Amino acid sequence: MLDTPDTLRRVIVTGGAGYIGSHVVLTLLLTRQFKVISIDNHHNSHPLALSYVEKIALDALPPGADRASALVDSNNGDLTKYTDIKAVFDKYGKGRVWGVIHIGAYKAVGESGEIPLTYYQNNVGATVTLLQVMDAFDCTRFVYSSSATVYGIPPVIPIPETSPLQAESCYGRTKIVSEGVISDLCASQPSRWRAISLRYFNPAGAHPSGQIGEDPRGRPGNLLPLLSQMAVGRISDPILQVFGNDYPTRDGTCVRDYLHVMDLAAGHLLALDALQPGELDKSAEGGQDVWSNLGEGDGKFRAFNLGKGRGQSVFDIVEAMRKATGVDFKTEIIGRRLGDVPDLTADPSLAERELGFNAPQTLEVMCRDLWNWQTKNPEGYDTKRD
C-alpha cells in the first residue's frame, strides 16, 4: 500500500495525460495540496505529458518543500475494465482516495455518430464502472467532465444551466446519460455522494511555458490545433475547410465560446473545494456553499458551465490565428458537419457566483500560448527536446 504525506489529499484524475487532463493535473500540483494519481490508457494522449507536468511543478517548488506534492502517480489503465481501476485504488486502500476528477473520454462529435456503440461503452460504461469501484472503496466525491454539447440547439443564447439537455450528437448524448447516472447515484445516497458536473465550452491555448499543450493523435478534430499544425507545417493542407457558412450567426459560420485551458483547469480546483466546503483552502474569492439551497434529502449533484460568455465564429478564430502566427490561412466553404450546432456560448454567471470561477484570459493570449507550444514542439510530444 502506497503512503502519502498526511497533508496531501489523494485525487485521481482520469485521462490525466491528455490535453485538458495534463493542465488540470498541473494546476492541482501547483497548489501543493494534493497527491495526484492519473489513470490513462493513452488512446489520445502521450505519457510524456506528465513528465513535463512534473518538471514544471518541481521547478515551481520553494526551497525545502516536499517533492511528493509535485510528483504524479501515473497508471496505465482502461476505464472500461473494473480490474484496471480497482488495481489503482488497491494501491492506497479503502477510504484513502479523497476524490476523483473524471476527464477521460472519447470526444469527437463526427466520429461519435459513426461508431455510437464504442462511444456509449467508453463514455457511459467507463463512468459506471469507475463509480462502482469508487463506491466499493468509499470514495464518494466526484467531479465530472461534461460538455456544452449537451445543450444541442439551445433556445436562449448565452446558455444557462437550466437550458434543456437535447444534444444533437451521439457524443453529447453520452454526456447527458452519464450526468443522469451520476445524478441518480447522488439522489440514492444524498448523505454520502457529492458530485459536480463541469460543462466545458471550448478550451484553447496551452501552459505559457510551452512545455505542455494539445497534441491529438492523428489529424486534429478541433479548429485551433488544426490551424496551428497547418501553420507549423505538420499538416500540409493548403486550405482550411469550413463546415458550412449558412448558420444563423453573424457571419454564417458556427460560433463557440473559447476559454483558456488554464482557466478551465482552475475551475476543477474550485469544484473540488466545493465538494467539501472548508476541507480545502479557497483558491479564489467569491465561492459559496453550492449545496446550501438543497433540502436535506436532495441528491448532492450540481452542474456548472465553464466558459467566458463570449462567442467567436470560425472566421474570428482564423483571423486571430493569422495574427498570432503570421500565416495567411486560405479557407474553403464545404457542407455542414453532422452534429454541429450554430452557437454554443455560455452563460457562466452561476459558476462565477457559486464557485468563484473566472476566465480572464483573452483569445489573443490563447492563440499566443498555443503558437508558443506549437513552435517549440512542431511534432508535439514526439519533438526531441534538449
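**Exercise 1.** In this predicted model, find which residues Thr249 is in contact with, leaving aside its neighbours within four places in sequence.

*Solution.* Start by locating the residue: Thr249 sits in the loop between strand E8 (239-243) and strand E9 (255-260). Next, set aside the neighbours within four places in sequence; Thr249 is then in contact with Val255 and Pro342. Now look at the polar side: a polar atom of the Thr249 side chain lies 2.6 Å from the backbone oxygen of Thr253.

**Exercise 2.** Decide whether Thr249 counts as buried or exposed.

*Solution.* Take the cut-off: buried means under 20% relative accessible area. Thr249 has 17% relative accessibility, so it counts as buried.

**Exercise 3.** Describe how helix H3 and helix H5 pack.

*Solution.* First, pick out H3 (residues 82-90) and H5 (residues 116-136). Their axes are 9 Å apart, at an angle of about 35 degrees, and the crossing is right-handed. Then list the residues that make the contact: H3 gives Tyr82, Ile85, Lys86 and Phe89, while H5 gives Thr129, Leu130, Gln132, Val133, Met134 and Ala136. Finally, sort them: 7 are nonpolar, 2 polar and 1 charged.

**Exercise 4.** Work out whether the radius of gyration of the protein agrees with that of a compact globule.

*Solution.* For 386 residues, a compact globule would have a radius of gyration near 21 Å. The protein has 20 Å, so the two agree. To picture the whole, note that the C-alpha trace spans about 55 × 50 × 40 Å along its principal axes, and that the secondary structure comes to 11 helices and 13 strands.

Key
Residues are numbered from 1 along each chain as its sequence is written. This is a predicted model: local features need pLDDT of at least 70, side-chain atom pairs count only at pLDDT 80 or more; totals for chains, interfaces and linings use all residues. Side-chain values use heavy atoms; hydrogens and water are left out. Axes are lines fitted to C-alpha atoms, for helices over the stretch in contact, and angles run from 0 to 180 degrees between N-to-C directions. Helices (H or I, at least four residues) and strands (E, at least two) are DSSP runs, numbered from the N terminus. A crossing is left-handed if the near helix is turned anticlockwise from the far one by less than a right angle, and right-handed if clockwise. Contact means heavy atoms within 4.5 Å. Ala, Val, Leu, Ile, Met, Phe, Trp, Tyr, Cys and Pro count as nonpolar, Asp, Glu, Lys and Arg as charged, and the others, Gly among them, as polar. Buried means under 20% relative accessible area, exposed over 50%, partly exposed in between (1.4 Å probe, protein chains only). A polar contact is a pair of N or O atoms within 3.5 Å; within protein, one must be able to donate a hydrogen and the other to accept it, and residues adjacent in sequence count only if both atoms are side-chain atoms. The radius of gyration is taken over C-alpha atoms; the globule rule is 2.2 Å times the number of residues to the power 0.38.
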